[in-house]
Amino acid sequence: MSRTNEAGNAIYRHQYGRYFIVVLGFAGMSFLASVFLPPPIVWLFSGVTLFSALGFWRMSAAPAAGHLSAGQTPGPLQAVQEAQEQLEVLGALYAHNPSGIAILDGQGCVVRLNPSAEQMLGYREDELKGRSIAEFLASDRIKTAATLFAEVLKGTPRSFKSAVIHKEGYRVDLDTTAVPIKSGAGVKGILVISTDMTAARRSEEQIRHMAYYDDMTGLPNRRLFVQQLESAMAAITISHNRLAVFFIDIDRFKMVNDGFGHDYGDMLLLQVAERFTRCLSENDFMARTEGDEFALFFNGLAPGNEIEQVSVIADSLTGVLEEPFMLEQYQVNITASIGITLVSEDERSVEEVMKCADMALTRAKEKGRNNYQLFNSQMKSASLEKLTMEQELRRAIAKDELVLYYQPQMDIASQRIVGFEALVRWAHPERGIVSPGHFIPFAEESGLIVPIGEWVLKEACRQNKHWQEQGYSPPPVSVNLSTRQFLQHNLTGKVAEVLELTGLDAAQLELEITESSTMDVEYSIDQLHELKNLGVTISIDDFGTGYSSLSYLKKFPIDKLKIDQSFVRDIMTDPNDAAIVASIIAMTRHMKLKVIAEGVETEEQLQFLYHNRCDEIQGYYFSPPLSVEAAELLMKERM
């Protein structure tokens, strides 16, 4: 019995030692796999190590020597059972691994496929056995895979991007690791482990699309346009061709959004984008940069006649917009403003090029829209001048460099002064007195017209009250309200505040509203009634130059019409202007309103107006705009 136990224990110790070596081997392989191989193989080795360790533990716990019972034989049968359990574990890892696993022979033909690999390919294992894996690779991946598989057959593991074509014809993108199956000193096959990256790749592409494309139109966005333009600019250094960059803005697009709603605006932009693409070749590029603005560049312009070429392109772009756009039941006609800059091989940075195209677009808008402008160096000077003007004008407001001049208004019948129009001037510290024609248009464009207008209103009221306190009997002062001021919803409150602050009687203030400011009729009626309730006088300035309907005009609570000087200037030489002025005077008197003619410079003009029963005049024939001191002298003489 003791000899039997000793023999059993010897066998046990031998098997125990072998098991210990196997477990150490798998543990070492698991460590190396975690460093050099992908997760699926790490899982494989870790699982084997775990179950080997379990077997080691079970054997160490088995009775032997002093632990074995008499007659027990822990020999070959138990070892076989342990090995069988481990094979079952390996089989489970192989069969249920989420990654596709394929075993290839030395020629790259399929030997085994696990279920995940079958699912990736759409074929059963028995359908693919003996067939080359190259048959199922995507065409753009065959060459790379063949090269890498050849390296693996030399004993070097490789990880790479690959793709296969599913049985149903669609592409499956994979992250693949291929490792050699060694037999002695050689390699007899390849173990291929692949993870399906199609969903991840699709997510990446979706994120990229969101980063580089416009959601609404599907066109590239500004970011991608900049990248493509940078590449195109680099390419012309080799081709020596020219490149043209176009910035396009849809004229008065806001009216479509406001009138029909943003859904219709989006519908219009989609149609506009489609029409613009008709003008592009495969070498050109278009993007929607923001709102209703598009950016395009045209490649391959031959040097020498670039201006003629861009003119043809610009004409084609404006031409595709001529046909009306259908927004469901509505028909809309639109135009566009275009800024163009030419790029040569020795050109500036992308940012500079785009800035030049933008300056040209601004100039096109300034010239009345519905045209195109080619960038030139003068535009850059003009932009710099505007920036300088803005800074200086802001300083002028802050440092009280603005002054008021007063142009008298005369009653034709009595030849008495019946009003002063307050006209702003800029007392520039270096250039002297600057007329409003040089800075008011810019002030309107930049928004500075609002603080300037508020200052003019306050200063005119203050001066009129000051004259009264000095013993003068000044006539009412008229102040021009810019369109921006008139559209302010708190305008009436601001006017009332100025009157209260200066102590001026409302009857001494006349507010002049340009005809173009009253385009929104309902708003204008409400706004004018609120102002009228303050007790001020209201006149329509520059009458005849806007778009007022006479049916609306009679609803406005106004006191006076001012005939624009562009009609008065030629009444003695142009019968049409004479007829227009005579008609305005007759209509105004019929509406029981006063009428004043601006820009009267000659005795003949005065006599014409007098015979047509015009009430008042204003112009250099009677007096130019006067400084405060000169206005005081005139009041002493004439009043």
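How do the residues of the lining of the largest cavity divide into nonpolar, polar and charged?

1. This is a predicted model, in which local features need pLDDT of at least 70, side-chain atom pairs count only at pLDDT 80 or more, and totals for chains, interfaces and linings use all residues. Residues are numbered from 1 along each chain as its sequence is written, and side-chain values use heavy atoms, without hydrogens and water.

2. The lining of the largest cavity comprises 15 nonpolar, four polar and no charged residues. Here Ala, Val, Leu, Ile, Met, Phe, Trp, Tyr, Cys and Pro count as nonpolar, Asp, Glu, Lys and Arg as charged, and the others, Gly among them, as polar.

3. The volume of this cavity is about 210 Å³. Of its 19 lining residues, Ile133, Val164, Leu174, Val192 and Ser194 are the closest to its centre. A cavity is a set of points on a 1 Å grid over the protein atoms alone where a 1.4 Å probe fits but cannot get out, and lining residues have an atom within 4 Å of a point. Points are joined across faces, edges and corners, and the volume is the space filled by probe spheres set on them.

4. Strand E1 (100-105) gives the largest share of this lining, four residues. Helices (H or I, at least four residues) and strands (E, at least two) are DSSP runs, numbered from the N terminus.

5. In helix H13 (residues 377-398), Met379, Ala382, Met389, Glu392, Leu393 and Ala396 are buried (under 20% relative accessible area, 1.4 Å probe, protein chains only; exposed is over 50%, partly exposed in between). These residues lie on the same side of H13 because they cover an arc of only 140° around the axis, taken from the directions from the helix axis to the C-beta atoms. The face turned away from the buried side carries exposed Ser377, Leu384, Leu387, Gln391 and Ala398.

Methods. On a 1 Å grid over the protein atoms alone, a cavity is a set of points where a 1.4 Å probe fits but cannot get out, and a pocket is an open set with protein on both sides within 12 Å along at least five of seven lines; lining residues have an atom within 4 Å of a point. The expected span of a helix is 1.5 Å times one less than its number of residues.
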